[in-house]
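Colleague: Hi! Could you walk me through some helix packing and aromatic contacts in this one?
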Amino acid sequence: MNSSYGSAVTLPGDPPGGRRAALVWGVGVAVYFVAVIFRTSLGVAGLDAADRFDVNASALSTFSILQLLVYAGMQIPVGLMVDRLGTKKVLALGVVLFTVGQLGFALSPSYGTALASRALLGCGDAMTFISVLRLGSRWFPARRGPLIGQVAALFGMAGNLVSTVFIARALHGLGWTTTFVGSSLAGVVVLVLLLLLLKDHPEGYEPEPATHAGAAFVRRQIAQSWREPGTRLGMWVHFTTQFPAMVFLLLWGMPYLVEAQGLSRSTAGTLLTLVVLSNMVVGLAYGQIIARHHAARAPLALGTVAATALLWATTLAYPGDHAPMWLLVTLCLVLGACGPASMIGFDFARPANPPERQGTASGIVNMGGFVASMTTLLAVGVLLDATGDNYRIAFSSVFVLEALGVVQILRLKARTHRRERERLVASRVEAVHVPV
């Protein structure tokens, strides 16, 4: 059954999209693209960072944990800021913060200052994706929402691809300082583009001015968003699907492939690139499927979780010291579906909340995956130190969080679908009665 909202109802006041929308949204996506480059640059520099700052696995994981802790903690405040201040102001602040953080990381003389720089980077990074989602909802029709979200994530993964290919090579060819200082210049470029070209909304589609402020308004926004089962389901979908690939790409994939599987850095880098390429292909497919068949959201999310768990279990339990290359390739291809599956969380939250709460609801959803990633990054680092670098035990922590997330998804799924059907009927009645 095709239950796509796009084919059912075009809401009154829906923005028209078009070339101008693509240009403005493209600037926002460029900001997110650079933010992901900066975020994931540590993933290919983990071994270099351990040598540079002379730290063990737990201390190395603290870089990513702190960055994600700041990112996750900022999601709801950023959502409120986007709803209150608009996209352009929040994105501009984010660019300044993540650029200064990347530059500071390049020049840090000690572990402590490097940690502070990654925290600053995480703060700026936290302001990008929710802003881009909000920008898409302001410039494109609602029926385009799932595809627009997946394409934005695709460009984010392209940023990850830049890290795995170009940042990794530059580190070995140019050195730490030159690589990270040079990459920080990309932040300056997108800031200029943002200030010159980005607008919060098309002319004639201005949202109603915010008339409420203060702590009571903030509490109401959060409570009303959280009360919707679609918001909570979206958060748990994001929680359960995103973190296996995020942990692999952000920090532990390269050490695992080199130290546990005995691969060269070049081969390991190729496998990380395969995760990114798989993500980009699957993202386009998921976006098209969900735009046409909203009923496919839960099966796609749960299917991705099942496939991920199966491939991880097979890889970790494989007899012998090293898994065969075909199995590692298959694992990386399946991990590539985690990012697109996590975007499905926003497709549950979007129809559950009115436009004035979209930023807040997106912040709640986005927090889920990064809390899971942060928890797993810490667990893997601690278990590696406790077990003498036993990656099989350390990566088994993935299954605990996946089991928790699946239970919550199954608990909320039916309730969310019921509320969506009620809203769809109401929107059809409202559309019929809209004066021509």
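This is a predicted model: local features need pLDDT of at least 70, side-chain atom pairs count only at pLDDT 80 or more; totals for chains, interfaces and linings use all residues.

Colleague: Great. At what angle do α3 and α5 pack?
Modeller: Helix α3 (residues 57–85) and helix α5 (residues 111–125) pack at about 30°, and their axes are 8 Å apart. Angles under 35 degrees count as roughly parallel, so α3 and α5 are roughly parallel to each other.

Colleague: Is that crossing left-handed or right-handed?
Modeller: The crossing of α3 and α5 is right-handed.

Colleague: And which residues make the contact?
Modeller: From α3 you have A59, T62, F63, L66, Q67, V70, Y71 and M74. The α5 side brings Y111, A114, L115, R118, A119, L121, G122, C123 and D125.

Colleague: How does that split by class?
Modeller: The contact of α3 with α5 has 12 nonpolar, 3 polar and 2 charged residues.

Colleague: OK, next pair. How do α12 and α13 cross?
Modeller: The axes of helix α12 (residues 297–317) and helix α13 (residues 325–335) cross at roughly 155° and come within 9 Å. With angles over 145 degrees counted as roughly antiparallel, α12 is therefore roughly antiparallel to α13. The crossing of α12 past α13 is left-handed.

Colleague: Who meets whom there?
Modeller: In α12 the residues are A307, T308, L311, W312, T314 and T315, and they meet L327, L328, T330, L331, V334 and L335 in α13. By class, the contact of α12 with α13 has 8 nonpolar residues, 4 polar and no charged.

Colleague: Let's switch to rings. How many aromatic pairs are there?
Modeller: The count comes to 18 aromatic pairs. In one of them, Y32 and F129 have ring centres 4.9 Å apart and planes at 40°, so the pair is tilted. This pair links distant parts of the chain, with Y32 in helix α2 (residues 19–53) and F129 in helix α6 (residues 129–139), 97 residues apart.

Colleague: Are Y32 and F129 buried or exposed?
Modeller: Both Y32 and F129 are buried.

Colleague: You listed W312 in the α12 contact. What is its ring geometry with F248?
Modeller: The F248 and W312 ring centres are 6.0 Å apart with planes at 70°, so that pair is edge-to-face. F248 sits in helix α10 (residues 229–260) and W312 in helix α12, 64 residues apart.

Colleague: How accessible are F248 and W312?
Modeller: F248 has a relative accessible area of 1% and is buried. W312 also counts as buried, at 1% relative accessibility.

Colleague: And which aromatic cluster holds F248 and W312?
Modeller: The cluster is formed by F248, Y256, W312, Y391 and F395.

Terms used: Residues are numbered from 1 along each chain as its sequence is written. Side-chain values use heavy atoms; hydrogens and water are left out. Axes are lines fitted to C-alpha atoms, for helices over the stretch in contact, and angles run from 0 to 180 degrees between N-to-C directions. Helices (H or I, at least four residues) and strands (E, at least two) are DSSP runs, numbered from the N terminus. Angles under 35 degrees count as roughly parallel, over 145 as roughly antiparallel, 65 to 115 as roughly perpendicular and the rest as oblique. A crossing is left-handed if the near helix is turned anticlockwise from the far one by less than a right angle, and right-handed if clockwise. Contact means heavy atoms within 4.5 Å. Ala, Val, Leu, Ile, Met, Phe, Trp, Tyr, Cys and Pro count as nonpolar, Asp, Glu, Lys and Arg as charged, and the others, Gly among them, as polar. Rings of Phe, Tyr and Trp (its six-membered ring) pair if their centres lie within 6.5 Å; planes under 30 degrees apart count as stacked, over 60 as edge-to-face and the rest as tilted. Buried means under 20% relative accessible area, exposed over 50%, partly exposed in between (1.4 Å probe, protein chains only).
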